[in-house]
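I opened this notebook to record what I looked up in one protein model. The entries follow the order in which I consulted the structure.

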Amino acid sequence: MKLSALRTVAALRTTAVALTAALTVAVVAGGAASAEPEKPSAVSSIVKDGRTWHVKVYSAAMKKDITIDVQRPVDESKSAPNFYLLNGLDGGHGSASWTAQTQALSFLADKQVNVIQPIGGRGSYYTDWKQEDPKLGLNKWKTFFTEELPPLLDSALNSTGLNSLAGLSTSGTSVLQLAEAKPGLFKSVAAYSGCAQISDPLGKQAVKFSTETWAGGKTVNMYGPDNDPAWVENDPVVNAEKLRGTNLYISSGSGMPTNADVEYYLKDGPMGVINLGLGVGIEAATNACSQNLKAKLDSLNIPATYQFTPMGTHYWPYWEQALHDSWPLLAQGMDI
């Protein structure tokens with residue numbers, strides 16, 4: 001090859017290298033310039049309606065605003081602890097909520113406590129899902145409740161920093177998981193008619209019935225397939241040692257209906273018969289789960305308060321009574 005041709009090839013290579021470098025710098029610089037910083041978790045807004053505050057909190061983990069309804073303490077001029085009161089399977093979106101079905105807020109109205117009711121998380125079990133679900137979306141509730149929300153509420157509400165936690169049915173499972181996820185965050189925890197064991201065949205079916213059959217999600221997006229270790233890692237019974245030091249209240253009924261239960265369900269006609277059967281079966285299952293939790297806690301010498309009633313199905317009057325019965329223990333965890 002002639003010298004002039006070699007010089008031409010060398011020049012072309014030099015130019016190509018220079019262009020590549022320039023383009024790389026431009027792409028990197030452009031990417032850096034156009035990349036938006038992650039939006040941090042923060043209180044987005046507060047709408048005050050008397051003693052009820054409707055607080056919107058942006059969750060960086062879930063990339064959306066979450067509504068938190070707060071009933072402020074009887075004396076708003078003084079600092080107060082936070083009592084997290086979780087709704088059941090529909091996450092407070094429908095009529096199956098503490099507010100709609102009970103007088104819980106009236107019962108708590110004369111107490112020096114912020115009553116915290118998150119709205120959302122339908123069918124999610126308030127846990128961190130492995131991946132986004134086509135039906136139920138992005139769920140990182142464990143992160144939200146244990147890392148993002150508490151400091152934000154402490155600041156916005158001038159809280160004392162002490163917390164207690166209660167939940168029913170599916171959230172009766174969740175409250176135990178949350179207590180185990182961050183021991184000490186919630187000083188007292190009450191689980192009403194929750195199935196504490198989720199990694200055995202019965203527990204998995206209970207979770208699948210709630211999340212898949214009722215809410216339309218897929219548990220493979222929650223904890224993975226049945227043999228995934230995440231099922232065991234999130235099982236409150238298996239991980240019961242993490243409950244040591246927490247004031248615990250566990251309640252459930254036997255599933256046997258009282259006359260009042262039968263009257264309540266059958267007023268809805270044929271559908272009421274179906275719901276009665278579900279109320280009997282679900283409560284019997286949660287009772288078995290709760291008894292197994294007791295056996296595990298007893299084996300570890302971890303104390304708890306239990307209320308296992310010889311009668312009772314899976315519905316609101318029992319949970320409202322359980323809230324009243326467990327209140328002294330819940331209050332103890334908040335120093336009130």
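I began with V189, which stands opposite L248 in strand 8. The model is predicted: local features need pLDDT of at least 70, side-chain atom pairs count only at pLDDT 80 or more, and totals for chains, interfaces and linings use all residues. Residues are numbered from 1 along each chain as its sequence is written, and side-chain values use heavy atoms, with hydrogens and water left out.

I noted the terms next. Strands (E, at least two residues) and helices (H or I, at least four) are DSSP runs numbered from the N terminus, and two strands pair if DSSP finds at least two bridges between them.

I then looked up the pairing of strand 7 (188-192). Strand 7 and strand 8 pair in the parallel sense over 5 bridges. Strand 6 and strand 7 also pair in the parallel sense, over 5 bridges; there, G167 has A191 as its bridge partner in strand 7.

Is strand 7 enclosed or open? I found 5 of its 5 residues buried, so strand 7 is largely enclosed by the rest of the structure. Buried means under 20% relative accessible area, exposed over 50%, and partly exposed in between (1.4 Å probe, protein chains only). In a regular strand the side chains alternate between the two faces of the sheet. I saw S188, A190 and Y192 pointing one way from strand 7, and V189 and A191 the other way.

**Helix 5**

I traced helix 5 (residues 170-181) across strand 6, strand 7 and strand 8 (247-253), where it runs at about 140 degrees to strand 6. Axes are lines fitted to C-alpha atoms, for helices over the stretch in contact (heavy atoms within 4.5 Å), and angles run from 0 to 180 degrees between N-to-C directions. Strand 6, helix 5 and strand 7 make a right-handed β-α-β unit: with the strands pointing away from the viewer, the path from the first strand over the helix to the second runs clockwise.

I read the strand order as 1-2-3-5-4-6-7-8-9, in an open sheet of 9 strands with mixed pairing. Strand 1 (42-49) and strand 9 (305-309) stand at the edges with a single partner strand each, so one side of each has no neighbour in the sheet. The twist averages 20 degrees from one strand to the next.

I also checked strand 3 (residues 64-71) and strand 5 (residues 114-119), which pair in the antiparallel sense over 5 bridges. I68 stands opposite P118 in strand 5.

**Totals**

I recorded 11 helices and 9 strands. Of the 336 residues, 46% count as buried.
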